[in-house]
Amino acid sequence: MSEDSDTLTSKVSLEDPSDSPISTYSGLVSAASPKVSMSPMSRMALRSDSLTETVMDYPFQYGRRYHKYHEGAYVFPNDEKESVRLNMQHHMFKLVNNGRLYFAPLQDPRKMLDIGTGTGIWPIEMAALFPNAEITGTDLSPIQPTVVPENVHFLVDDAAEEEWLWHHDYFDYIRLAHLTGGIPSSEELLRKSLQHLKPGGWLECHEMDPKPMCDDGTMPPEAEEGGLSAFALHDWWRAQHQSGQFTNPPRQFRIAPRIERSMIESGFVDIQQRIKKVPTNPWPSDPEMKEIGFHSERNWLEALSGWSYKPLTSLGWTRPEIEVFLVNVRKAIRNRDVHCYTNYHVVIGRKPFPDEKEAL
Ligand SMILES: C[S@@+](CC[C@H](N)C(=O)[O-])C[C@H]1O[C@@H](n2cnc3c(N)ncnc32)[C@H](O)[C@@H]1O
């Protein structure tokens with residue numbers, strides 16, 4: 001696999017602008033960061049009565065902790081184990097993105113929004129690059145650190161709410177990242193993002209397409225409907241995909257390949273897509289891809305049970321059935337003889353100015 005796997009599909013270049021943001025991973029950024037002055041995190045559960053009772057009285061299931069605010073809306077865990085994994089995943093995707101935290105051609109943005117911010121590591125790292133910007137991260141779970149750069153704010157909020165907290169034409173930049181499997185409608189998120197961006201503002205989406213892919217014939221085929229494949233990751237992916245119809249609310253498990261088209265249909269312009277292959281384990285011989293594969297394998301193995309419990313029980317599977325199945329899925333993930341990868345999509349698009357809209 002090589003850089004040839006980049007797919008560029010429109011006019012705007014995703015190649016490095018001169019201010020290309022390269023930053024190194026330092027785990028969770030803490031109050032010890034030398035570049036920024038710190039203040040206590042500002043966090044409000046704007047749509048709940050009491051932060052403590054309504055938002056932090058977390059339910060536990062399958063040995064994992066889940067979010068409380070709008071309980072059940074998100075099917076993956078929010079515990080410490082998941083936070084550690086999310087930060088590791090952030091590091092892996094920075095490797096995939098050649099160290100970059102964003103690709104949109106940003107020029108002195110003042111208001112930035114990160115929907116579904118998770119541990120908040122992205123806003124915290126961006127804060128040092130854009131000290132003049134106010135960067136807001138929202139999430140169903142208040143799992144972000146409590147001491148952060150003073151230009152970073154976290155809010156507990158549900159992006160699926162009909163009304164967002166800000167007025168239209170407010171943000172210079174909105175980021176939607178790694179929401180696959182977690183949200184009922186990416187199209188709806190794109191529509192609301194367009195409303196809340198200023199004309200000329202940029203939306204940036206980062207999503208992995210979890211469908212297993214292979215270019216050299218080393219991956220056994222998918223099984224017929226109802227059967228099992230010799231490569232159990234196929235069966236896992238199919239079960240996840242099906243479960244999206246059964247959870248309440250239904251969730252989309254294959255967002256990535258549709259983002260570009262959905263952004264065009266929503267009314268964004270200057271859309272550009274970058275697709276990178278992410279090996280499932282360190283099977284590639286290329287050293288950089290091998291390193292990404294090393295992190296990818298760890299990420300899969302750390303995430304797998306948390307990604308599986310709620311979706312697969314919604315299909316009627318029991319916990320013991322899930323555990324037995326995951327043994328084979330783990331074997332598939334670790335199999336270096338199968339040159340499996342998944343596609344990572346980055347798509348950027350700009351909100352047109354009113355006169356541009358008329359010309360379209
Ligand atoms: C896989 S994590 C990704 C976190 C972060 N964007 C990143 O790239 O590391 C998905 C996050 O989206 C949040 N989320 C899911 N549905 C949401 C919603 N409707 N509103 C706000 N946040 C949501 C989850 O709580 C979770 O923290």
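The model is a predicted one, where local features need pLDDT of at least 70 and side-chain atom pairs count only at pLDDT 80 or more, while totals for chains, interfaces and linings use all residues. Residue numbers start from 1 along each chain as its sequence is written.

Of the 360 residues, 41% count as buried. A buried residue has 20 or more other C-beta atoms within 10 Å of its own, an exposed one has 12 or fewer, and a partly exposed one falls in between, with C-beta atoms placed from the backbone. Two residues are in contact if their C-beta atoms, placed from the backbone, lie within 7 Å. Take the contacts between residues at least 6 apart in sequence: 73% of them join residues at least 24 apart.

Now for the strands, which pair if DSSP finds at least two bridges between them. β5 (111–115) runs parallel to β6 (134–139), and 5 bridges hold for this pair. Lys-111 sits opposite Glu-134 of β6. Together with helix α3 (residues 121–129), β5 and β6 form a right-handed β-α-β unit. Right-handed says that, with the strands pointing away from the viewer, the path from the first strand over the helix to the second runs clockwise. On β6 there is also a parallel pairing with strand β8 (residues 152–156), again listed with 5 bridges, and Asp-139 has Val-156 in β8 as its bridge partner.

Further along, β9 (171–177) and β10 (197–213) run parallel and are joined by 6 bridges. Tyr-173 is partnered with Trp-202 in β10. Going from β9 through α4 to β10, the chain makes a right-handed β-α-β crossover. β10 also pairs with strand β12 (residues 341–350), this time antiparallel and over 9 bridges; Asp-209 is found opposite Asn-343 in β12. Since 12 of the 17 residues of β10 are buried, the rest of the structure largely encloses this strand.

Two helices show what lies against their buried residues. In α4 (186–196), the buried residues are Ser-186, Leu-189, Leu-190, Lys-192, Ser-193 and His-196, and their cover includes β5, β9, β10 and α6 (259–266). Helix α5 (residues 232–243) has 12 residues and spans 16 Å from first C-alpha to last, close to the 16 Å expected at 1.5 Å a residue; that expected span is 1.5 Å times one less than the number of residues. The buried residues of α5, among them Trp-236 and Trp-237, pack against β10, α7 (287–313) and α8 (319–334).

Ile-183 belongs to the loop between β9 and α4. Is Ile-183 buried or exposed? Ile-183 counts as buried because it has 20 C-beta neighbours inside 10 Å. Leaving out residues up to four places away in sequence, Ile-183 touches Ala-160, Leu-189, Arg-251 and Gln-252. Gly-116 is 67 residues from Ile-183 in sequence, yet their C-alpha atoms are 9.9 Å apart in space.

Gly-116 turns up again at the ligand, where it is one of the closest of 20 surrounding residues, along with Gly-118, Ala-159, Ala-177 and His-178. A residue is near a molecule if its C-beta atom, placed from the backbone, lies within 6 Å of it. α2 (80–96) and β6 each give at least two residues to this shell. The shell splits into 9 nonpolar, 9 polar and 2 charged residues, where Ala, Val, Leu, Ile, Met, Phe, Trp, Tyr, Cys and Pro count as nonpolar, Asp, Glu, Lys and Arg as charged, and the others, Gly among them, as polar.

How values were computed
Helices (H or I, at least four residues) and strands (E, at least two) are DSSP runs, numbered from the N terminus.
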